[in-house]
Amino acid sequence: MTTATNTSRAKPTIKRFFRDNFDVPLGIAVLTLMAFGFLMVYSASWQYAVGMGNSAYSTVVKQMIIGVLGCGVAIALTFFDYHRFRNLVVVAMAGTIILLLAVLIFGSIGDFGAKRALFNGSIQPSEIAKLVVILYLCVWLNSKRDVMDQWSFGLIPLMGILGITAGLILAQPDVSAAATVIILGGVLFYIAGGKLRQILVVVLVAGVLGALVVLVYKTARVRLTDYWNGMQNPENASDHVKWSLEAIINGGVFGVGLGRSTTKFIGLPVAPTDSIFAVITEETGLIGAFFVIAIYVFILWRGMKIANEAKDDLGRWIAAGITLWITIEAMINMGVIVNLLPFAGNALPLVSSGGSSLMTVLMGIGILMGVSRNSKLSKNSASEGSPYGKAVDLRRGDRRGSVSRPVDLSGSR
């Protein structure tokens with residue numbers, strides 16, 4: 001009798017432990033996407049691995065090892081108080097800049113002539129930079145919120161931070177990663193309460209810089225030309241898009257079956273990384289593609305729910321920034337495949353082969369889980385209405401677009 005009683009008490013305790021410390025729906029979505037990604041990475045990489053003289057499982061085994069390590073890091077970050085990032089982001093940002101500089105000096109040249117990685121491709125600092133920029137900007141904007149409407153303390157330093165980081169990434173060159181950093185900075189500035197006229201200035205400056213990049217970098221110019229030609233006629237698109245579209249057409253509604261893709265063997269470039277979504281669509285059809293998209297939509301909803309329920313602005317902005325980063329990366333990767341966007345080398349988060357991308361995204365998920373856990377521990381039940389039915393207002397209802405000022409509670413009414 002005693003043993004049965006102890007067993008019945010242990011189960012609720014375990015359930016409560018997971019419920020109180022982890023966002024279980026988010027965790028299930030992430031693990032599902034990772035498991036599916038392992039399967040597709042193996043399908044897309046085994047022939048290439050054999051051709052390089054390695055085991056057919058070498059790529060996916062490496063991806064799985066990094067995934068397990070990343071899950072361990074994510075769990076550790078779940079129990080890390082995100083407020084402590086205030087004391088760490090400066091060092092992390094300085095370290096990231098040093099790594100980006102090291103890539104330009106010591107980096108190994110990849111298949112397409114770009115220097116983007118260190119230690120024979122083991123570490124790609126531009127992936128780490130995306131997460132570090134989010135954390136740094138959230139802490140910086142939180143500390144400058146009272147003077148953010150002043151150009152000398154708000155927008156100009158922000159543009160300097162983003163300019164240095166994006167410039168070092170662009171020098172590799174990695175146009176897509178640099179653009180992602182700029183987009184994330186602009187989104188976070190808006191969420192933090194930046195004025196509309198300042199945001200318009202950012203958009204204008206970004207547009208001018210984008211035009212200069214197209215003029216200076218042949219790669220950007222070719223990608224934009226291929227994109228425009230493909231919009232006019234798919235037959236004039238880049239080879240990447242042509243093979244991707246052929247894979248999607250071959251897949252149809254139900255797909256040709258797992259492991260039976262042909263385009264990954266005869267022409268689809270970098271199938272395990274940039275083109276993984278095309279392989280997914282060919283082998284699992286539109287049903288599999290919509291399944292993957294649905295998981296990303298769920299992650300977006302869950303992350304925004306965590307942001308909406310965060311107990312302070314820092315947690316709110318960190319959660320929103322990480323969530324939008326993951327979903328923006330996914331949108332860019334999938335949009336490129338069907339020529340909705342110019343070609344970009346963004347990985348499909350949690351799915352594409354690549355240790356730096358997978359590890360960094362899992363770190364972001366752990367921090368997002370930590371924001372959720374912190375909100376639960378605070379026992380703040382003062383939220384109004386149902387979180388499932390209301391729009392997320394990360395700017396805290398500030399309709400004028402300016403930053404809210406502190407209220408002196410000791411003053412007269």
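**Entry 1: helix H13.** H13 has 25 residues and reaches 36 Å from its first C-alpha to its last, close to the 36 Å expected at 1.5 Å a residue. I took the expected span as 1.5 Å times one less than the number of residues. I noted that this is a predicted model, in which local features need pLDDT of at least 70, side-chain atom pairs count only at pLDDT 80 or more, and totals for chains, interfaces and linings use all residues. Residues are numbered from 1 along each chain as its sequence is written, and side-chain values use heavy atoms, with hydrogens and water left out.

I then looked up burial, where buried means under 20% relative accessible area, with a 1.4 Å probe and protein chains only. In H13, 24 of the 25 residues are buried, so the helix is largely enclosed by the rest of the structure. Asparagine 339, which follows H13, has a positive phi, near 65°.

**Entry 2: helices H5 and H14.** H14 has 24 residues and spans 35 Å between its first and last C-alpha, close to the 34 Å expected at 1.5 Å a residue. I found H14 mostly covered, with 18 of its 24 residues buried.

How do the axes of H5 and H14 cross? The axes of H5 (residues 125–143) and H14 (residues 355–378) come within 8 Å and cross at roughly 20°. H5 is therefore roughly parallel to H14, a term for angles under 35 degrees. Axes are lines fitted to C-alpha atoms, for helices over the stretch in contact, and angles run from 0 to 180 degrees between N-to-C directions.

I listed the residues in contact, meaning heavy atoms within 4.5 Å. From H5, Glu127, Ile128, Leu131 and Leu135 meet Ser356, Ser357, Thr360, Met363, Gly364 and Ile367 of H14.

**Entry 3: isoleucine 169.** I located isoleucine 169 in helix H6, residues 155–170. Isoleucine 169 counts as buried because its relative accessibility is 0%. Proline 125 is 44 residues from isoleucine 169 in sequence and 8.8 Å from it in space, C-alpha to C-alpha. Beyond its neighbours within four places in sequence, isoleucine 169 is in contact with Leu100, Ser126, Ala129, Asp174, Ala177, Ala178 and Val181.

**Entry 4: the whole chain.** Buried residues make up 47% of the 413 residues in the protein chain. Among its contacts between residues at least 6 apart in sequence, 73% join residues at least 24 apart.

Definitions and conventions: Buried < 20%, exposed > 50% of the residue type's maximum accessible area, 1.4 Å probe, protein only. Helix = DSSP H or I, 4+ residues; strand = E, 2+ residues; numbered from the N terminus. Parallel < 35°, antiparallel > 145°, perpendicular 65-115°, else oblique.
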